[in-house]
Amino acid sequence: MQCRVCGEDGVLPFLDLGKTPLSDALVKPEKLDGHEPRYALEVAFCPSCHIVHILEDVAQEVLFPEDYPYFSSYSDHLLAHARSHAFGLIESRNLGAGSLVVELASNDGYLLQNFVEAGVPVLGIDPAPNQVRIANEKGVPSLCEFFGHELAARLASEGRLADVIIANNVCAHVPDLNGFVAGMKQLLRPGGLITVENPYVRDLIDHREFDTIYHEHLYYHSCTAWLTLAERHGLHLNHVEYFPQLHGGTLRWHLSHDAGQSPELEHYLREEANIGLNRFDYYAGFARRVEALRDQLLTLLQDLRAEGKVIAAYGAAAKGSTMLNYVGLGTDLVEFVVDRNPYKQGLHMPGTHQPILPVEALVERRPDYTLILAWNFKDEIMRQQAVYAEAGGRWIVPLPSPEVIA
Ligand code: DWN
Ligand code: ZN
């Protein structure tokens, strides 16, 4: 089998999650009896360029339809992270009225709005029409397009080169990752900076974050893989920062036209070599560890149900869909899911079909236990829903090991 990124033969599969529905394909009530397509979901490691990627291809129009339900602005933690990123860049790069910041996958303008507030010109690029409409309504100029080297060439020919390019949580999603990175190189002004954020494959493996694997996420990233990827397109990987609390562990890579590696980057590259992240052995035992988690969680919930307890879930997240479907948590075990995104409310989870209700349902219906599917925001969620816990409700955090929090 060929690697999606370097094209070499010999990628090594290490986890098969079976056939699952698309994670963000939330089901309308009138479609509950209809046919729901399922797609194989298998992950592999490339020993040549060290990227981890899934093997299946689902067309982009199917993965990201007009009514794609993910909006970035429903987490206070993410908004605070974005704000501090923006203001950090404004200061460190001395950005002002003559600068241009371009964000790829700018969603609803959750990040760029901070630059707009500071008077720094921006351009958002995102293929999701509802998100782009909301961004434009907020005063964040945004284009509804997929980014790649063609769009980069067009912008460059109009003289719109970027001082800063930000690509957060998008490099997992683009089928033509090479074209995407080449586009960033083309769009970056001399002396400019690219920052790329993505969950760290090391955290995925070490903390059993298997549910972050779904068809939208084609790639799972490391510093080692980015070093090769950047070099292939004439960019330099200069620096890395780590955010352990974001999406289960996120790295932010800094790239530019100029050579030079920070001590932090050197440290991460050394560390990845030491733990063997660049070798198949690191991934080989993952499937067994994921199966063990599945069995533990299923048994825990089955035992609670046998005692007559009512169980709900928090977060109609894409990762929640992988969790429910892979573990086999139907409505007999988990009755309903709550989410604060109104675009998701009134719909049903893919495959397992729990109804998605407003978060107030937790206090109104008082399930005995609530499984936190959006475990990446568990602290924020538990703080927000303190009334539920005070009334006797208990939380279940599914990973790294299923845990009941009193
Ligand atoms: O890459 C991707 C990541 C970054 O975001 C996408 N392909 C899709 C998405 O993945 P996800 O759906 O697993 O992301 P989240 O952000 O972990 O989803 C959290 C869900 O929980 C959202 O539906 C919002 C919801 N939520 C809520 O209802 N109340 C979240 C918080 C923090 C809350 O307080
Ligand atoms: Zn490869």
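I started at strand β3 (residues 52-54), which is joined to β9 by 2 bridges, the two strands running antiparallel. This is a predicted model, and I kept that in mind throughout. For a residue-level handle on the pairing I looked up His53, and its bridge partner in β9 is Tyr219.

β3 and β9 sit in an open sheet of 4 strands, ordered β1-β2-β3-β9, with antiparallel pairing. At its edges I found β1 (12-20) and β9 (219-220), each pairing on one side only.

I then turned to an open sheet of 7 strands, whose order reads β6-β5-β4-β7-β8-β11-β10 and whose pairing is mixed. Its edge strands are β6 (142-144) and β10 (236-243), and each of these pairs on one side only. From one strand to the next, the twist averages 15°. A reminder to myself: strands of a sheet pair through backbone hydrogen bonds, either parallel or antiparallel.

Strand β5 (residues 122-126) runs parallel to β6, and 3 bridges join them. Here I noted Gly124 standing opposite Ser142 in β6. With strand β4 (residues 101-104), β5 pairs in the parallel sense over 4 bridges. In that pairing, Val101 stands opposite Val122 of β5.

Is β5 covered or open to solvent? I found it mostly covered, with 5 of its 5 residues buried. Val122, Gly124 and Asp126 point one way from the strand, while Leu123 and Ile125 point the other way, and all are buried.

Cys3 has a relative accessible area of 4%, so I wrote it down as buried, the cut-off being under 20%. Cys6, at 24% relative accessibility, counts as partly exposed.

Gln131 came up first, in helix α4 (residues 129-137). Its relative accessibility is 0%, so Gln131 counts as buried. What is Gln131 in contact with, leaving aside neighbours within four places in sequence? I noted Tyr68, Pro69, Tyr70, Phe71, Asn107 and Asp108.

Then I looked at Gln384, which lies in helix α14 (residues 378-384). Gln384 is partly exposed, with a relative accessible area of 31%. Not counting residues up to four places away in sequence, Gln384 touches Tyr314 and Arg340. With Tyr314 there is a polar contact between the two side chains, at 3.1 Å. I also took the spacing to Gln354: Gln384 and Gln354 are 30 residues apart in sequence and 22 Å apart in space, C-alpha to C-alpha.

Note on methods
Residues numbered from 1 in each chain as written. Chains lettered and ligands numbered in written order. Predicted model: local features only at pLDDT ≥ 70, side-chain atom pairs only at ≥ 80, totals over all residues. Heavy atoms only, no water. Buried < 20%, exposed > 50% of the residue type's maximum accessible area, 1.4 Å probe, protein only. Contact = heavy atoms within 4.5 Å. Polar contact = N/O pair within 3.5 Å; in protein donor to acceptor, adjacent residues only side chain to side chain. Pairing = 2+ DSSP bridges. Axes fitted to C-alpha atoms, helices over the stretch in contact; angles between N-to-C directions.
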